[in-house]
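Subject: Structure for your files

Hello,

Please find the structure below. My notes on it come after.

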Amino acid sequence: MFQTRKRAQSALAAGMLAAGAITLLGGSPATAVAGSTSCVDEHAAARALPGSHGRERNEVSDAKVAQVNADLLQKVKEQANKRTDLSALAAGGTINVVFHVVTGDGGVGNLTDATITQQITALNKGFAGSESSQAAKTGFKFMLQSTLRHENNAWFANVDDAAIEREMKTSTRVGGASTLNLWSTNTSYLGFATFPSDYSSDPKMDGVVFNYASVPGGATPNYNLGKTVTHETGHWMGLWHTFQGGCSTTGDQVADTPAQKSASSGCPTGRDSCTASGVDPIHNYMDYSFDSCYNQFTPGQNTRMQSAWTAYRSGK
């Protein structure tokens with residue numbers, strides 16, 4: 001709905017934009033905010049480091065999904081009421097990236113400038129839609145603004161502790177809502193991110209934390225093509241996991257990602273965990289598949305990211 005179109009009267013634009021957002025974010029206004037009674041399958045495979053967590057920190061309740069989606073829909077309507085040219089809401093944009101390399105004792109965790117460049121390249125490929133003919137070309141481009149290096153073993157080794165995470169982020173975060181801050185650490189998760197709707201209440205915590213061994217050429221088998229950052233940046237841009245809500249009618253609030261009961265592990269071609277139409281979207285960056293299996297965001301996910309970017313981050 002956010003693709004470039006001719007100028008229209010503002011009242012008509014508001015109605016069309018709101019209707020399009022509802023369709024692509026998961027159904028009618030009633031179902032889009034209803035939420036299901038349960039979260040994802042408790043036995044879901046995790047996209048996590050071997051031998052560590054069974055879940056990741058970006059698995060959220062359906063209640064939060066409903067709350068955030070209602071707020072996003074309201075903001076989309078407000079944006080439509082302010083504009084007569086919907087093309088102003090289209091087309092992605094350039095996102096500045098501040099890359100924080102956090103190292104531990106003896107320099108463990110250090111990443112070279114060349115590796116950082118490879119990571120930004122991997123991120124751009126995902127958002128450019130260049131890895132599959134079915135992938136959405138989002139129009140978002142990530143540009144490395146600066147690389148900051150922090151020698152701090154407590155931050156590096158203990159970032160999963162909420163107090164340490166807050167200390168690290170509040171001491172180092174750069175920019176506003178539209179600046180993507182990445183912290184490479186030794187988190188025992190593959191990564192975790194904040195959502196755009198969280199920014200206004202706690203701006204210094206905004207960004208993505210990820211394990212340094214998940215970068216291109218890193219030491220983590222199956223998760224070393226740099227796509228952990230793509231997955232987590234998807235969250236930062238407003239996407240839920242594809243298996244959010246399981247087989248419920250609302251799911252991840254995106255109409256063109258088939259319903260999925262639980263997360264995938266590996267690359268299980270043909271997996272079909274719900275009776276609804278469509279096989280599980282195992283190639284989607286927002287599932288838990290191996291890096292080698294990932295190759296796409298959908299057009300519906302692109303629309304949601306465009307909406308969230310406009311509502312919460314662009315120009316802020």
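The notes cover the sheet and then the disulfides.

This is a predicted model, in which local features need pLDDT of at least 70, side-chain atom pairs count only at pLDDT 80 or more, and totals for chains, interfaces and linings use all residues. Residues are numbered from 1 along each chain as its sequence is written, and side-chain values use heavy atoms, with hydrogens and water left out.

The sheet

Five strands make up an open, mixed sheet, in the order β2-β1-β3-β5-β4. Strands here are DSSP runs of E of at least two residues, helices are runs of H or I of at least four, and both are numbered from the N terminus. Two strands count as paired if DSSP finds at least two bridges between them. The edges are held by β2 (140-151) and β4 (191-193); each has a single partner strand, so one side of each has no neighbour in the sheet. On average, neighbouring strands are turned by 20 degrees against each other, direction ignored. Axes for such angles are lines fitted to C-alpha atoms, for helices over the stretch in contact, and the angles run from 0 to 180 degrees between N-to-C directions.

Strand β1 (residues 93-103) pairs with β3 (residues 180-185) in the parallel sense, over five bridges. Val101 has Ser184 in β3 as its bridge partner. Helix α7 (residues 227-236) packs on the sheet and touches β1, β2, β3, β4 and β5 (208-211); contact means heavy atoms within 4.5 Å. The direction of α7 makes about 20 degrees with that of β4.

The disulfides

There are two disulfides in the structure, a disulfide being a pair of cysteine sulfur atoms within 2.5 Å. Counting bonded cysteines along the chain, the pattern is 1-3, 2-4.

Cys247 is joined to Cys274, with S to S 2.0 Å. The torsion about their S-S bond is about -85 degrees, so this disulfide is left-handed. Cys247 and Cys274 both lie in the loop between α7 and α8 (299-313), 27 residues apart. Cys247 is partly exposed at 41% relative accessibility, whereas Cys274 is buried at 6%. Buried means under 20% relative accessible area, exposed over 50%, and partly exposed in between (1.4 Å probe, protein chains only).

Cys267 is joined to Cys293, with S to S 2.1 Å. Here the torsion is about 65 degrees, so the disulfide is right-handed. Cys267 and Cys293 are 26 residues apart, in the loop between α7 and α8. Cys267 is partly exposed at 36%, and Cys293 is buried at 2%.

Regards
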